[in-house]
Amino acid sequence: MLIRHLSTTGSTNDDALAWAQDGAPHGAVVRADFQTQGRGRAGRSWESPEGLGLYFSLVLRPEIELSQVPQLTMLAALAAARTLEKRTQIPTNVKWPNDVVLRGGKIGGVLSEARALPNSPSRLAFAIVGVGLNINFSRGDLPPRPIFPATSLYIETGKVHSPDEVFAEFLNEMQTLDNQWPGRWHQLREEWLRRDVLQNQTVQVEDAQENWSGTACGIDERGALLVQTKSETRRVVAGDVTLGWEGF
Ligand code: BTN
(Lines give C-alpha, C1' and ligand atoms only; values in the text may rest on other atoms or scores of the structure.)
Protein backbone atom coordinates (compact mmCIF):
# COMPACT_ATOMS: atom_id res chain seq x y z
CA MET A 1 0.00 0.00 0.00
CA LEU A 2 1.34 3.43 -0.95
CA ILE A 3 1.30 5.87 1.96
CA ARG A 4 2.43 9.50 1.98
CA HIS A 5 2.84 10.79 5.52
CA LEU A 6 3.14 14.59 5.82
CA SER A 7 3.82 16.54 8.99
CA THR A 8 1.67 19.54 7.97
CA THR A 9 -0.72 20.22 5.13
CA GLY A 10 -3.86 22.18 4.29
CA SER A 11 -6.21 19.23 3.80
CA THR A 12 -5.26 15.63 3.03
CA ASN A 13 -8.34 15.46 0.77
CA ASP A 14 -6.77 18.11 -1.47
CA ASP A 15 -3.40 16.30 -1.48
CA ALA A 16 -5.06 12.98 -2.31
CA LEU A 17 -7.07 14.65 -5.07
CA ALA A 18 -3.92 16.10 -6.65
CA TRP A 19 -2.16 12.72 -6.32
CA ALA A 20 -5.14 10.88 -7.86
CA GLN A 21 -5.12 13.30 -10.80
CA ASP A 22 -1.45 12.44 -11.12
CA GLY A 23 -2.23 8.71 -11.28
CA ALA A 24 -2.20 7.49 -7.64
CA PRO A 25 -3.39 3.86 -7.60
CA HIS A 26 -6.40 2.38 -5.76
CA GLY A 27 -5.63 2.29 -2.04
CA ALA A 28 -3.04 5.08 -1.99
CA VAL A 29 -3.26 7.10 1.25
CA VAL A 30 -2.20 10.59 2.32
CA ARG A 31 -1.92 11.14 6.06
CA ALA A 32 -0.97 14.32 7.91
CA ASP A 33 -0.12 14.96 11.56
CA PHE A 34 -1.63 18.43 11.34
CA GLN A 35 -4.07 20.09 8.92
CA THR A 36 -4.35 23.84 8.66
CA GLN A 37 -7.57 23.68 6.63
CA GLY A 38 -9.21 20.39 7.54
CA ARG A 39 -12.66 20.17 5.98
CA GLY A 40 -15.83 18.50 7.20
CA ARG A 41 -19.16 17.94 5.48
CA ALA A 42 -21.42 20.81 4.43
CA GLY A 43 -18.60 23.35 4.32
CA ARG A 44 -17.73 22.92 8.00
CA SER A 45 -14.12 22.98 9.16
CA TRP A 46 -12.48 19.99 10.87
CA GLU A 47 -10.22 20.73 13.84
CA SER A 48 -6.93 18.99 13.14
CA PRO A 49 -4.28 19.75 15.77
CA GLU A 50 -1.15 17.60 15.97
CA GLY A 51 -1.15 14.54 18.22
CA LEU A 52 -4.84 14.73 19.10
CA GLY A 53 -6.41 13.27 16.01
CA LEU A 54 -5.85 11.05 12.99
CA TYR A 55 -6.30 12.66 9.57
CA PHE A 56 -5.96 10.84 6.28
CA SER A 57 -7.49 10.40 2.82
CA LEU A 58 -7.72 7.31 0.66
CA VAL A 59 -7.72 7.25 -3.14
CA LEU A 60 -10.26 4.62 -4.29
CA ARG A 61 -10.81 3.57 -7.90
CA PRO A 62 -13.59 0.97 -7.99
CA GLU A 63 -15.45 0.61 -11.29
CA ILE A 64 -18.82 1.90 -10.15
CA GLU A 65 -21.51 4.44 -10.90
CA LEU A 66 -21.04 7.85 -9.33
CA SER A 67 -24.32 7.26 -7.48
CA GLN A 68 -22.68 4.42 -5.51
CA VAL A 69 -20.07 6.70 -3.92
CA PRO A 70 -22.12 7.00 -0.68
CA GLN A 71 -21.34 3.30 -0.20
CA LEU A 72 -17.62 4.13 -0.10
CA THR A 73 -18.28 6.70 2.64
CA MET A 74 -20.22 4.05 4.52
CA LEU A 75 -17.43 1.46 4.11
CA ALA A 76 -14.92 3.86 5.64
CA ALA A 77 -17.28 4.70 8.52
CA LEU A 78 -17.80 0.97 9.14
CA ALA A 79 -14.03 0.34 9.05
CA ALA A 80 -13.59 3.10 11.63
CA ALA A 81 -16.41 1.73 13.80
CA ARG A 82 -14.90 -1.77 13.75
CA THR A 83 -11.45 -0.37 14.57
CA LEU A 84 -12.62 1.68 17.54
CA GLU A 85 -14.87 -1.08 18.85
CA LYS A 86 -12.04 -3.64 18.83
CA ARG A 87 -9.70 -1.18 20.55
CA THR A 88 -12.14 -0.03 23.26
CA GLN A 89 -14.51 -2.99 23.59
CA ILE A 90 -17.25 -0.34 23.55
CA PRO A 91 -20.06 -0.87 20.99
CA THR A 92 -19.52 1.69 18.26
CA ASN A 93 -22.23 3.13 16.03
CA VAL A 94 -22.50 5.01 12.80
CA LYS A 95 -24.87 7.75 11.75
CA TRP A 96 -25.86 7.96 8.11
CA PRO A 97 -24.05 8.89 5.98
CA ASN A 98 -20.66 9.56 7.49
CA ASP A 99 -20.43 9.85 11.26
CA VAL A 100 -18.76 7.47 13.67
CA VAL A 101 -20.47 7.52 17.05
CA LEU A 102 -19.25 6.12 20.35
CA ARG A 103 -21.42 6.25 23.50
CA GLY A 104 -23.65 8.82 21.82
CA GLY A 105 -20.77 11.17 20.91
CA LYS A 106 -19.29 11.88 17.49
CA ILE A 107 -15.77 10.42 17.49
CA GLY A 108 -15.04 10.64 13.77
CA GLY A 109 -16.30 11.51 10.34
CA VAL A 110 -15.78 10.77 6.67
CA LEU A 111 -15.72 13.26 3.80
CA SER A 112 -15.87 11.75 0.31
CA GLU A 113 -15.29 13.65 -2.91
CA ALA A 114 -15.69 12.04 -6.31
CA ARG A 115 -14.64 12.68 -9.90
CA ALA A 116 -16.35 11.20 -12.96
CA LEU A 117 -14.65 9.65 -15.99
CA PRO A 118 -14.27 12.38 -18.64
CA ASN A 119 -16.09 10.38 -21.32
CA SER A 120 -18.80 8.83 -19.16
CA PRO A 121 -20.07 11.31 -16.65
CA SER A 122 -22.08 8.74 -14.65
CA ARG A 123 -19.03 6.48 -14.03
CA LEU A 124 -16.53 7.04 -11.25
CA ALA A 125 -12.93 7.90 -12.15
CA PHE A 126 -11.83 7.98 -8.50
CA ALA A 127 -13.09 8.94 -5.07
CA ILE A 128 -11.19 10.61 -2.28
CA VAL A 129 -12.37 9.26 1.05
CA GLY A 130 -11.11 11.45 3.90
CA VAL A 131 -11.27 10.19 7.47
CA GLY A 132 -10.85 12.16 10.69
CA LEU A 133 -10.81 10.38 14.06
CA ASN A 134 -10.62 12.03 17.46
CA ILE A 135 -7.89 10.21 19.35
CA ASN A 136 -6.39 12.16 22.28
CA PHE A 137 -8.61 15.26 22.47
CA SER A 138 -9.72 16.32 25.97
CA ARG A 139 -13.25 17.61 26.31
CA GLY A 140 -12.17 21.26 26.30
CA ASP A 141 -10.18 20.84 23.04
CA LEU A 142 -13.24 19.86 21.03
CA PRO A 143 -15.65 22.29 19.37
CA PRO A 144 -19.15 22.23 20.94
CA ARG A 145 -21.87 20.33 19.03
CA PRO A 146 -25.50 20.48 20.14
CA ILE A 147 -26.41 16.91 19.11
CA PHE A 148 -23.98 13.98 19.23
CA PRO A 149 -21.40 16.06 21.15
CA ALA A 150 -17.85 15.41 20.03
CA THR A 151 -15.86 12.81 21.93
CA SER A 152 -12.50 11.04 21.62
CA LEU A 153 -10.81 7.76 22.45
CA TYR A 154 -9.04 9.50 25.34
CA ILE A 155 -12.30 10.87 26.77
CA GLU A 156 -14.04 7.50 26.53
CA THR A 157 -11.22 5.26 27.80
CA GLY A 158 -9.15 7.60 30.01
CA LYS A 159 -6.04 6.45 28.12
CA VAL A 160 -3.77 8.06 25.54
CA HIS A 161 -3.86 6.12 22.24
CA SER A 162 -1.26 5.94 19.48
CA PRO A 163 -2.55 7.52 16.23
CA ASP A 164 -0.06 5.25 14.36
CA GLU A 165 -1.62 2.12 15.82
CA VAL A 166 -5.18 3.26 15.16
CA PHE A 167 -4.18 4.13 11.58
CA ALA A 168 -2.69 0.65 10.98
CA GLU A 169 -5.78 -1.01 12.49
CA PHE A 170 -8.10 1.11 10.33
CA LEU A 171 -6.20 0.19 7.15
CA ASN A 172 -6.57 -3.52 7.99
CA GLU A 173 -10.31 -3.19 8.50
CA MET A 174 -10.69 -1.11 5.35
CA GLN A 175 -8.74 -3.68 3.33
CA THR A 176 -11.06 -6.45 4.59
CA LEU A 177 -14.16 -4.43 3.71
CA ASP A 178 -12.78 -3.41 0.32
CA ASN A 179 -12.19 -7.11 -0.51
CA GLN A 180 -15.82 -7.90 0.34
CA TRP A 181 -17.32 -5.01 -1.57
CA PRO A 182 -19.37 -4.65 -3.73
CA GLY A 183 -20.05 -8.44 -3.73
CA ARG A 184 -21.15 -8.58 -0.10
CA TRP A 185 -22.84 -5.19 0.01
CA HIS A 186 -26.01 -6.78 1.42
CA GLN A 187 -24.13 -8.13 4.44
CA LEU A 188 -22.35 -4.84 4.94
CA ARG A 189 -25.65 -3.03 4.71
CA GLU A 190 -26.99 -5.30 7.48
CA GLU A 191 -24.00 -4.39 9.64
CA TRP A 192 -24.62 -0.72 8.87
CA LEU A 193 -28.26 -1.00 9.93
CA ARG A 194 -27.26 -2.76 13.17
CA ARG A 195 -24.89 0.07 13.97
CA ASP A 196 -26.86 3.07 12.64
CA VAL A 197 -28.21 5.26 15.44
CA LEU A 198 -30.91 6.59 13.11
CA GLN A 199 -32.68 3.25 12.52
CA ASN A 200 -36.38 3.36 13.38
CA GLN A 201 -35.95 6.80 14.91
CA THR A 202 -37.86 9.95 14.08
CA VAL A 203 -35.46 12.04 12.04
CA GLN A 204 -35.44 15.55 10.77
CA VAL A 205 -34.01 16.03 7.30
CA GLU A 206 -32.61 19.29 6.05
CA ASP A 207 -32.03 19.14 2.32
CA ALA A 208 -31.42 21.82 -0.28
CA GLN A 209 -35.14 22.59 -0.64
CA GLU A 210 -36.82 22.11 2.74
CA ASN A 211 -36.93 20.66 6.23
CA TRP A 212 -39.15 17.66 6.85
CA SER A 213 -39.36 14.66 9.15
CA GLY A 214 -40.19 10.96 9.18
CA THR A 215 -38.96 7.62 10.50
CA ALA A 216 -35.61 6.25 9.27
CA CYS A 217 -36.42 2.82 7.84
CA GLY A 218 -33.36 1.53 6.02
CA ILE A 219 -30.75 2.08 3.36
CA ASP A 220 -31.40 1.37 -0.30
CA GLU A 221 -29.23 -0.44 -2.87
CA ARG A 222 -27.12 2.65 -3.55
CA GLY A 223 -26.64 3.70 0.06
CA ALA A 224 -29.37 6.36 0.23
CA LEU A 225 -31.24 6.71 3.55
CA LEU A 226 -34.92 5.71 3.42
CA VAL A 227 -37.31 7.79 5.48
CA GLN A 228 -40.98 6.92 5.91
CA THR A 229 -43.29 9.93 6.07
CA LYS A 230 -47.06 9.80 6.56
CA SER A 231 -47.62 9.46 2.83
CA GLU A 232 -44.52 7.88 1.25
CA THR A 233 -41.02 6.47 1.59
CA ARG A 234 -38.50 9.13 0.62
CA ARG A 235 -34.86 8.61 -0.40
CA VAL A 236 -32.28 10.94 1.10
CA VAL A 237 -29.16 11.11 -1.03
CA ALA A 238 -27.59 14.19 0.47
CA GLY A 239 -28.52 16.47 3.30
CA ASP A 240 -28.18 16.76 7.05
CA VAL A 241 -30.15 14.35 9.19
CA THR A 242 -30.72 14.80 12.90
CA LEU A 243 -32.72 12.89 15.46
CA GLY A 244 -36.09 14.17 16.53
CA TRP A 245 -38.43 16.77 15.18
CA GLU A 246 -38.25 20.32 16.30
CA GLY A 247 -41.34 21.37 14.34
CA PHE A 248 -40.64 23.86 11.59
C1 BTN B 1 -17.34 15.23 8.81
O2 BTN B 1 -17.76 14.50 9.70
O3 BTN B 1 -17.82 16.35 8.61
C4 BTN B 1 -16.20 14.74 7.93
C5 BTN B 1 -14.86 15.04 8.52
C6 BTN B 1 -13.72 14.55 7.66
C7 BTN B 1 -12.38 15.04 8.17
C8 BTN B 1 -11.24 14.41 7.43
S9 BTN B 1 -9.68 14.70 8.21
C10 BTN B 1 -8.85 14.05 6.84
C11 BTN B 1 -9.56 14.56 5.60
N12 BTN B 1 -9.07 15.87 5.22
C13 BTN B 1 -10.00 16.81 5.36
O14 BTN B 1 -9.83 18.03 5.11
N15 BTN B 1 -11.14 16.28 5.81
C16 BTN B 1 -11.03 14.84 5.98
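## Ligand site and backbone features

The ligand sits in the largest pocket, a pocket being, on a 1 Å grid over the protein atoms alone, an open set of points with protein on both sides within 12 Å along at least five of seven lines, and a molecule sits in a pocket if more than half of its atoms lie within 2 Å of its grid points. This is a predicted model, in which local features need pLDDT of at least 70 and side-chain atom pairs count only at pLDDT 80 or more, while totals for chains, interfaces and linings use all residues. Residues are numbered from 1 along each chain as its sequence is written, and side-chain values use heavy atoms, with hydrogens and water left out.

The ligand is surrounded by 21 residues, of which the closest are S11, Q35, R39, R41 and K106; a residue is counted if one of its heavy atoms lies within 4 Å of the molecule.

| Residue | Part of residue | Distance to a ligand oxygen atom |
|---|---|---|
| S11 | side chain, polar atom | 2.7 Å |
| R41 | backbone, N or O atom | 2.7 Å |
| K106 | side chain, N or O atom | 2.5 Å |

Taken alone, the ligand exposes 420 Å², and the protein buries 99% of that area, as computed by the Shrake-Rupley method with a 1.4 Å probe.

Helix 1, strand 3 (53-60), strand 6 (105-117) and strand 7 (120-134) each supply at least two residues of the shell around the ligand, and strand 6 gives the most, with 4 residues. These elements are DSSP runs numbered from the N terminus, with helices (H or I) of at least four residues and strands (E) of at least two.

Strand 1 (residues 3-9) and strand 2 (residues 29-35) run parallel and are joined by 6 bridges, where pairing requires at least two DSSP bridges between the strands. From strand 1 the chain passes through helix 1 (residues 12-21) to strand 2 in a right-handed β-α-β crossover, that is, a clockwise path from the first strand over the helix to the second when the strands point away from the viewer.

The peptide bond from W96 to P97 is cis, with omega near -5 degrees, and P97 lies in the loop between strand 4 (92-95) and strand 5 (99-102). The bond from W181 to P182 is also cis, with omega near 10 degrees, and P182 lies in the loop between helix 4 (163-180) and helix 5 (185-195).

Note on methods: A polar contact is a pair of N or O atoms within 3.5 Å; within protein, one must be able to donate a hydrogen and the other to accept it, and residues adjacent in sequence count only if both atoms are side-chain atoms. On a 1 Å grid over the protein atoms alone, a cavity is a set of points where a 1.4 Å probe fits but cannot get out, and a pocket is an open set with protein on both sides within 12 Å along at least five of seven lines; lining residues have an atom within 4 Å of a point.
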